[in-house]
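Have the sequence and the 3D view at hand as you read.

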Amino acid sequence: MKTTTIRLYSLDYGNVKTYFAAALFILGNLVLPQLCHLIPQGGLTLLPIYFFTLIAAYKYGWKVGLLTAVFSPVLNHLLFGMPLAGVLPAILFKSVLLAVVAGYAANRFKRISIPVLALVVLAYQFIGTLGEWAMVGDLALAFQDFRIGIPGMRLQILGGYLFIKYLVYK
C-alpha cells in the first residue's frame, strides 16, 4: 500500500489565500456537476458536488473545506436549480460533514493514501446517511448514495487521491 507524504495547509479565515483557494474549489464544484449532469443520472451516480470539497478540506484544511462545502451546493442551487431545494439540507449536511472529516483526517494522518481517503468517504457517507434519515424519515431514500452512488464514492477516493497527489502537490 503506497502512502505519500504531502504538504498540507491549514489556512485561517483571516488569510486571503483561504478565500482564493475556496473560490477555485467552489468553481470546480460548479463546473463538475454540470458536466456530470450531461450523463443520465450522472449527478446521483457520480456525486460530483462533493469532489472538490474533499480536495479543498484535505489539502488546505477544514476552513477552506467548509467554505467550499457550504457555498458549492447553495450556488449550484441558485444558479442551476440543482440540487433541488428539498434535498439541499441533506446535501449541505453531508458536504459540511465531509469538510470536517477530511480536514481532521489530513491533520491526523499528515499524508495522503487511498485507504485514508476511503475512510473519509465512508465516514461522511455513513454519518451523513444517518443524518439524512433523521431529516427525511425515509431510510431507503437516505441510503440512495450507497445504492447508486458507489461510482461517485470511487471517483472521490481515486480521483481525489490522484488530484491531491499529482496536481495540488506541485
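Let us begin with Leu-47, which is buried at a relative accessible area of 5%; buried means under 20% relative accessible area, exposed over 50%, and partly exposed in between, with a 1.4 Å probe and protein chains only. Leu-47 sits in the loop between H2 and H3, where helices (H or I, at least four residues) and strands (E, at least two) are DSSP runs numbered from the N terminus. Its phi is near 45°, a positive value in a residue other than glycine.

A word on the source: this is a predicted model, in which local features need pLDDT of at least 70 and side-chain atom pairs count only at pLDDT 80 or more, while totals for chains, interfaces and linings use all residues. Residues are numbered from 1 along each chain as its sequence is written, and side-chain values use heavy atoms, with hydrogens and water left out.

**Backbone details**

Most residues other than glycine have a negative phi, and most peptide bonds are trans. Besides Leu-47, with its positive phi, Gln-41 is worth a look: Gln-41 is not a glycine, yet has a positive phi of about 60°. You will find Gln-41 in the loop between H1 and helix H2 (42–46). For a cis peptide bond, turn to the step from Met-82 to Pro-83, where omega is near 5°; Pro-83 belongs to the loop between H4 and H5.

How many of the 10 residues of helix H3 are buried? The count is 10 of the 10 in residues 51–60, so H3 is largely enclosed by the rest of the structure. Among these buried residues are Phe-51, Phe-52, Lys-59 and Tyr-60.

The segment before H1 holds Ser-10, which is exposed, with a relative accessible area of 57%. Leaving aside neighbours within four places in sequence, Ser-10 is in contact with Tyr-60 and Gly-61, contact meaning heavy atoms within 4.5 Å. Ser-10 and Gly-61 are 51 residues apart in sequence, but 4.4 Å apart in space from C-alpha to C-alpha.

**The nonpolar core**

In soluble globular proteins, nonpolar side chains tend to be buried together. Here, the largest nonpolar core has 39 residues, of which Phe-25, Tyr-58 and Val-64 touch the most other members. Such a core is a set of buried Ala, Val, Leu, Ile, Met, Phe, Trp, Tyr and Cys residues joined through side-chain atoms within 4.5 Å. Helices that each supply at least two residues of this core include H1 (16–36), H4 (62–80), H5 (88–109) and H6 (114–136). If neighbours within four places in sequence are set aside, Phe-25 is in contact with Phe-52, Ile-55, Ala-56, Tyr-60, Val-64 and Thr-68.

**How the helices pack**

Two packed helices are described by the angle between their axes and the distance between the axes. Axes are lines fitted to C-alpha atoms, for helices over the stretch in contact, and angles run from 0 to 180 degrees between N-to-C directions.

| Helix pair | Axes | Angle |
|---|---|---|
| H1 and H3 | within 8 Å | roughly 160° |
| H1 and H4 | within 9 Å | roughly 40° |
| H3 and H5 | 7 Å apart | about 35° |

The angle of the H1 and H3 pair makes H1 roughly antiparallel to H3, whereas H1 and H4 are oblique to each other. Angles under 35 degrees count as roughly parallel, over 145 as roughly antiparallel, 65 to 115 as roughly perpendicular and the rest as oblique.

H1 passes H3 in a right-handed crossing, the crossing of H1 and H4 is right-handed, and H3 passes H5 in a right-handed crossing. A crossing is right-handed if the near helix is turned clockwise from the far one by less than a right angle, and left-handed if anticlockwise.

Phe-25, Gly-28, Asn-29 and Leu-32 of H1 meet H3 residues that include Phe-52, Ile-55 and Tyr-60. By class, this contact of H1 with H3 has 7 nonpolar, 3 polar and no charged residues. Ala, Val, Leu, Ile, Met, Phe, Trp, Tyr, Cys and Pro count as nonpolar, Asp, Glu, Lys and Arg as charged, and the others, Gly among them, as polar.

On the H5 side, Thr-53, Leu-54, Ala-57 and Tyr-58 of H3 meet residues including Ser-95, Leu-98 and Gly-103. The contact of H3 with H5 has 8 nonpolar, 3 polar and no charged residues.
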